[in-house]
Amino acid sequence: MAKVLKAVAMERCIGCYSCMFACARLVHNVLSWSRSGIRVRSLGGLTAGFEASYCLACPKPACAAACPSGALGERPGKGVRYRRELCLRCGRCSHACPVKAIWLDQETGEPVVCLHCGRCVPFCPHGCLAMVTSAETSH
Amino acid sequence: MNGAVPLTLMDVDLERGACRLHRREDLREKVGGSSLAAALYREYGLPGEDAFAPGQPLIFAIGPLTGYYPLMSKVVLGFKSPYSGDYVETHAGGRLALALRFSGLDALVIRGKSPRPVYLVLGDRHFACKDAGHLWGMDAVTTARTIRGSEPRGRGQRSILRIGPAGENLVKYACINVDTFRHFGRLGAGAVMGSKKLKAVMVSGDRSFSLPYQGTSYHKVYRQIYQRITGSGVMAKYHDLGTPVNVLVLNGLHSLPTRNLSATTFEGAAQISGEYFADKLLLRQIACSGCPVGCIHIGLLREKFSPEHEYYYKQVSYDHEPIFAMGSMLGIAPGEAVMLLLDEAEKWGLDVISCGVALAWATEARAAGLIGDEQTLVPLAFGKLEPYRQAIAAIATRANEFYRLLGEGTAVAAARYGGAEFACVLGQEMAGYATGPVYFVSQALGFRYSHLDSAGYQLDQQKTSMLEEALNYLEREERQRLMLTCLVACLFARNIYDQETIAAALAAAGFSELAQNLEERFTSLQRERWRVKKESGYDPHRVAIPRRFHEVKTLQGKLDAAFMETLRRAYAARIAGY
């Protein structure tokens with residue numbers, strides 16, 4: 001069974017952003033708090049807690065359906081696959097995502113989406129994130 | 001590589017409400033943070049003029065490693081202090097360091113005086129100077145909430161600096177509140193903002209920076225540092241009980257300043273201890289951006305406000321220094337009462353240490369008959385909560401002549417009313433360590449009059465009376481800390497970032513040149529920074545240590561006043577020679 005990322009315990013999050021920096025560093029090879037497949041944000045000052053946005057690996061991904069050029073395609077049980085050479089940078093995937101988990105990078109214009117590779121998980125100091133089998137993803 | 005990239009500096013002119021960007025290759029040799037701010041003060045500052053002169057700059061500086069490694073998460077603010085009248089620094093965490101990094105700014109210089117209250121919204125690809133008429137007079141907590149509501153940019157990932165009424169009213173120890181619960185706390189940076197009619201600054205940016213390829217040393221060094229921070233237990237105390245772990249330790253060592261330092265143990269220590277807060281009040285911990293430790297301890301304050309079961313709750317941040325200043329120093333316990341006072345200082349935008357120590361002096365002066373109700377307006381007495389709550393507001397609003405003077409600093413009020421011998425002032429109001437002569441001298445003469453300058457309390461615990469040993473310790477410790485505050489690292493990471501690690505981290509991030517000859521470079525930068533301070537009016541020979549510090553019982557028993565005086569003179573002479 002394929003494994004996907006899940007924010008299993010965001011109530012423990014301290015807002016250090018180590019997960020985002022890990023994705024940017026290890027997947028995109030940049031120092032960034034935006035070019036990351038997972039985004040953590042405070043919910044109105046730091047007293048209100050934090051939320052994580054990331055690809056929920058929908059069974060019928062709306063982003064892939066909206067992509068006019070075949071750059072985003074379904075990966076059964078594992079979210080979507082992105083092929084840069086096919087991307088028009090039109091942004092329709094970002095608009096189509098029901099949980100707004102695809103960002104358009106302001107410098108490249110490309111969509112940034114979680115690959116469910118799990119490289120962010122060991123960098124969370126509080127076990128907020130985990131890789132779970134696709135069957136356990138009821139959010 | 002990174003080392004060849006020029007620094008980017010944003011220079012804001014509040015009078016015109018405009019800014020300019022400068023690219024400065026020549027500033028790379030100043031590394032960043034403390035030394036960069038000092039170099040920029042030499043360039044932009046007005047060392048001979050008053051701290052409130054419109055042209056005086058506020059200089060916010062990050063460093064070459066900001067964001068590149070964990071705990072590289074602090075910002076240095078260099079400015080001429082209206083409190084001490086010389087060039088000083090104050091440091092803060094929160095999100096500001098990363099917000100500046102991702103705005104593409106290595107330093108932000110704010111100069112001039114706006115004709116009307118304004119706030120700045122700036123960062124990557126944007127700058128605006130906006131009317132703050134609706135924010136003027138507002139407390140620091142509500143100000144941030146209002147800006148969060150009205151400014152859509154960067155929501156959830158931005159930094160907001162602002163002042164409360166104390167800064168607007170030019171109280172000389174008004175702070176700048178940073179994000180939620182962090183501060184540029186000491187020496188009156190908030191009053192400088194107030195003098196410029198600058199209520200707030202919001203910084204946000206989304207830029208990205210290329211990193212060395214996978215498999216190169218950067219990724220290896222990063223992983224090693226990250227593992228030492230999260231896996232080795234070195235940082236555990238900061239996350240667990242946090243800095244208030246010191247309360248009981250210092251109390252046991254006869255080093256917890258109590259009731260205006262008339263004592264060094266507090267009978268209520270157990271009820272204001274880190275353990276008490278953790279068991280009864282701790283809601284959760286949060287972190288500065290880029291720090292997996294999470295040392296910011298948030299307590300839950302629940303207060304009943306009617307005879308029925310009606311409560312409100314607040315979240316209040318606590319640390320050792322605020323607890324000593326509003327707790328043992330005022331004879332206040334338990335932790336819940338301390339949190340009520342911390343919350344007041346937070347809203348009014350006052351430096352909590354100076355505020356608590358000033359009120360402790362006022363309490364003793366009142367008991368000694370030097371001042372009365374006409375001055376204090378409320379019956380200040382050690383252990384009585386409500387009068388202190390009202391007195392904090394009176395300082396912030398400068399309610400009468402007495403509170404106006406108290407807002408200039410404890411020593412200023414003591415000069416007018418008497419009681420200078422028990423004013424607990426070491427350059428500025430003392431921090432929460434009554435460990436002995438090395439600490440007292442280190443704060444009194446320190447660059448930012450802080451326990452963080454050179455940490456004399458560690459040497460006090462070894463009970464040294466060797467002059468040369470103490471002098472060399474202070475000089476070396478200050479240099480080590482300067483390395484960290486140039487990068488800019490959190491000083492809690494000083495056991496992680498030793499010189500070898502700093503050199504490896506700089507080289508791996510592309511700053512090979514800066515990684516060479518660290519000791520030599522920082523010896524020179526240390527002296528340069530002192531020269532900037534001296535040019536602005538600092539005279540180390542003029543610093544006095546009030547009599548209370550000579551008489552107090554510390555962990556060494558009765559303090560060796562002769563040794564302290566010898567050390568004070570010798571350290572002053574060494575600084576004068578830089």
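This is a predicted model: local features need pLDDT of at least 70, side-chain atom pairs count only at pLDDT 80 or more; totals for chains, interfaces and linings use all residues.

Modeller: From α11(B), the residues B:A337, B:L340, B:L341, B:E344, B:A345 and B:W348 meet α14(B). On the α14(B) side the partners are B:L385, B:Y388, B:R389, B:I392, B:A393, B:A396 and B:T397. By class, this contact divides into 10 nonpolar, 1 polar and 2 charged residues. In general terms, an α-helix has 3.6 residues a turn, so residues three or four places apart point the same way.

As for geometry, helix α11 covers residues 335–348 of chain B and helix α14 covers residues 385–397 of chain B; their axes come within 10 Å and cross at roughly 10°. Because of that angle, α11(B) counts as roughly parallel to α14(B).

A second pair can be set beside it. Helix α1 (residues 33–44) of chain B packs with helix α22 (residues 518–535) of chain B at an angle of about 40°, and the axes are 10 Å apart. That angle makes α1(B) oblique to α22(B). The crossing of α1(B) past α22(B) is left-handed. The residues that meet are B:S34, B:S35, B:A38, B:Y41 and B:R42 in α1(B), and B:L525, B:R529, B:R531, B:V532 and B:E535 in α22(B). The contact of α1(B) with α22(B) has 4 nonpolar, 2 polar and 4 charged residues.

Beyond its neighbours within four places in sequence, B:W361 is in contact with B:N260, B:F402, B:L406, B:T410, B:A413, B:A414, B:Y417, B:G418, B:G419, B:F422 and B:A423.

Helix α1 (residues 18–26) of chain A is mostly covered, with 9 of its 9 residues buried. They are A:S18, A:C19, A:M20, A:F21, A:A22, A:C23, A:A24, A:R25 and A:L26. The cover over the buried residues of α1(A) includes β2 (30–31), β3 (39–42) and β9 (129–133) of chain A, along with α2 (96–101) and α6 (217–231) of chain B.

Conventions. Residues are numbered from 1 along each chain as its sequence is written. Chains are lettered from A and ligands numbered from 1 in the order in which they are written. Side-chain values use heavy atoms; hydrogens and water are left out. Axes are lines fitted to C-alpha atoms, for helices over the stretch in contact, and angles run from 0 to 180 degrees between N-to-C directions. Helices (H or I, at least four residues) and strands (E, at least two) are DSSP runs, numbered from the N terminus. Angles under 35 degrees count as roughly parallel, over 145 as roughly antiparallel, 65 to 115 as roughly perpendicular and the rest as oblique. A crossing is left-handed if the near helix is turned anticlockwise from the far one by less than a right angle, and right-handed if clockwise. Contact means heavy atoms within 4.5 Å. Ala, Val, Leu, Ile, Met, Phe, Trp, Tyr, Cys and Pro count as nonpolar, Asp, Glu, Lys and Arg as charged, and the others, Gly among them, as polar. Buried means under 20% relative accessible area, exposed over 50%, partly exposed in between (1.4 Å probe, protein chains only).
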